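Subject: A structure for you to explore

Hello! Here is the structure I promised to pass on. Have a look around first, and then read my notes below.

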Amino acid sequence: MEIGANPNPDISITRNCVEPTAHIQPCFGRGCLGQILSLGIKANRYCVLVTPMIPHLPFRALAVSAILLIPAASAVAAPCGTGSFEAWLDDVKGEAAAKGISQAAIASGLSGVTLDKAVLSRDHSQKVFNQSFEEFSGRMVPPRLTRGASLMKQYGSVLGRIEEKYGVPGEVLVAIWGLETDFGVNVGKFPTIRSLATLAYDCRRSDLFKAELMDALRLVERGDLAPSEMRGAWAGEIGQTQFMPSSYIKFAVDFDGNGRRDLLRSAPDVLASTANYLASYGWQRGKDWEPGSANFAVIQQWNKSEVYSKTIAYFASQLARAP
């Protein structure tokens, strides 16, 4: 489309406002102080600003001076899946800046990021989880029980201090640790920011993953992790118990006292942050965690799959009985 062409002659001005048809969506505010409408020019992302105080005339008759073509404002949300990934990412950089994220964090986090087709393939080919509790727990718990019991002893002092502060027993934390990443052995190798940007560009759950992408940049900004360190699962989970960036922001704690909330390398930070998560969802100190209990409902806030939650509870109970 030629810049300046009117994509829809049916727009009219009423009470000094432009009222778009259903085919043209606002790309900025809505009100009589001025209305910006997307022209749908994907390559250059231009908008047309129709100023107020214009007589009630058909849009096609407006003088050229009555419209002004301007680049879309940086605060405007970048629409998913439109135009090239690179152009979309440029818009995201503007959004991040408008949200107060520093240019240094934006540059270090987003420079050179490309679309990851492997992530899209995994997201689009997810299968329904249909294993029974007996099948899943039988596959996951026995191979991890000895190692889990050993770690309970190794980190006994740390787990005791964590339970004292957050009320969550070490058995539950170690069970989650083992099921999520084999106690930190398999945290994932996908570049986190690239994965989140790819999923945000895709239109299946764009808003969710764009919010996570912004929080990933905030992690960079506050010094928790460098972009090169941020590697994890394909859907953006980070660390030894697989926190999404939003959960990292909310719940990660520096329990080893070294000045960093490090969920990649510090077992005390990992375990305490996991306890903080569960405590924030209402974990009841001193109560059991069996299915049907209030604490089991908290475990389901960690993973809403009943099979997975029951496996956490079962694994924790096995650890509690371990010699």
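Helices (H or I, at least four residues) and strands (E, at least two) are DSSP runs, numbered from the N terminus.

Before going further, a word on what you are looking at. This is a predicted model, where local features need pLDDT of at least 70 and side-chain atom pairs count only at pLDDT 80 or more, while totals for chains, interfaces and linings use all residues. Residues are numbered from 1 along each chain as its sequence is written, and side-chain values use heavy atoms, with hydrogens and water left out.

**The whole chain**

The chain has 13 helices and 7 strands. Of its 323 residues, 47% count as buried; buried means under 20% relative accessible area, exposed means over 50%, and partly exposed is in between (1.4 Å probe, protein chains only). The accessible surface comes to about 15,800 Å², and 53% of that belongs to carbon and sulfur atoms. These areas come from the Shrake-Rupley method with a 1.4 Å probe, and for residues only the protein chains shown count as cover. Take the contacts (heavy atoms within 4.5 Å) in the chain with a separation of 6 or more: residues 24 or more positions apart account for 62% of them.

Asp182 has a positive phi of about 55°, although it is not a glycine. Most residues other than glycine have a negative phi. Phe183 lies in the loop between H7 and S6 too, and its phi is also positive, near 60°. How do the two residues compare in cover? Asp182 is partly exposed at 23% relative accessibility, whereas Phe183 is buried, with a relative accessible area of 9%.

**Two helices that cross**

Next, find helix H1 (residues 85–98) and helix H8 (residues 192–201). Two packed helices are described by the angle between their axes and the distance between the axes. The axes of H1 and H8 come within 11 Å and cross at roughly 105°, which makes H1 roughly perpendicular to H8. Axes are lines fitted to C-alpha atoms, for helices over the stretch in contact, and angles run from 0 to 180 degrees between N-to-C directions. Angles under 35 degrees count as roughly parallel, over 145 as roughly antiparallel, 65 to 115 as roughly perpendicular and the rest as oblique.

Which residues meet where H1 and H8 touch? From H1 come Phe85, Trp88 and Leu89, and from H8 come Ala197, Thr198, Ala200 and Tyr201. Of the residues in this contact, 6 are nonpolar, 1 is polar and none is charged. In this count, Ala, Val, Leu, Ile, Met, Phe, Trp, Tyr, Cys and Pro are nonpolar, Asp, Glu, Lys and Arg are charged, and the others, Gly among them, are polar. H8 is mostly covered, with 9 of its 10 residues buried; among them are Thr192, Ile193 and Leu199.

**The disulfide**

How many disulfides does a search of the whole structure find? There is 1, where a disulfide is a pair of cysteine sulfur atoms within 2.5 Å. Cys80 and Cys203 form it, with their sulfur atoms 2.1 Å apart. The torsion about their S-S bond is about 110°, so the disulfide is right-handed. The pair links distant parts of the chain, 123 residues apart: Cys80 is in the loop between strand S5 (67–71) and H1, and Cys203 is in the loop between H8 and helix H9 (206–221). Cys80 is partly exposed at 23% relative accessibility, and Cys203 is partly exposed at 46%.

Asp224 is in the loop between H9 and strand S7 (231–232) and is buried at 2% relative accessibility. Leaving out residues up to four places away in sequence, Asp224 touches Leu219, Tyr248, Arg260 and Arg261.

Asp262 lies in the loop between helix H10 (245–251) and helix H11 (267–280), and at 6% relative accessibility it is buried.

Finally, is Pro142 buried or exposed? Pro142, in helix H5 (residues 142–154), is exposed, with a relative accessible area of 51%. Pro142 and Gln318 are 176 residues apart in sequence and 9.5 Å apart in space, C-alpha to C-alpha.

Enjoy exploring!
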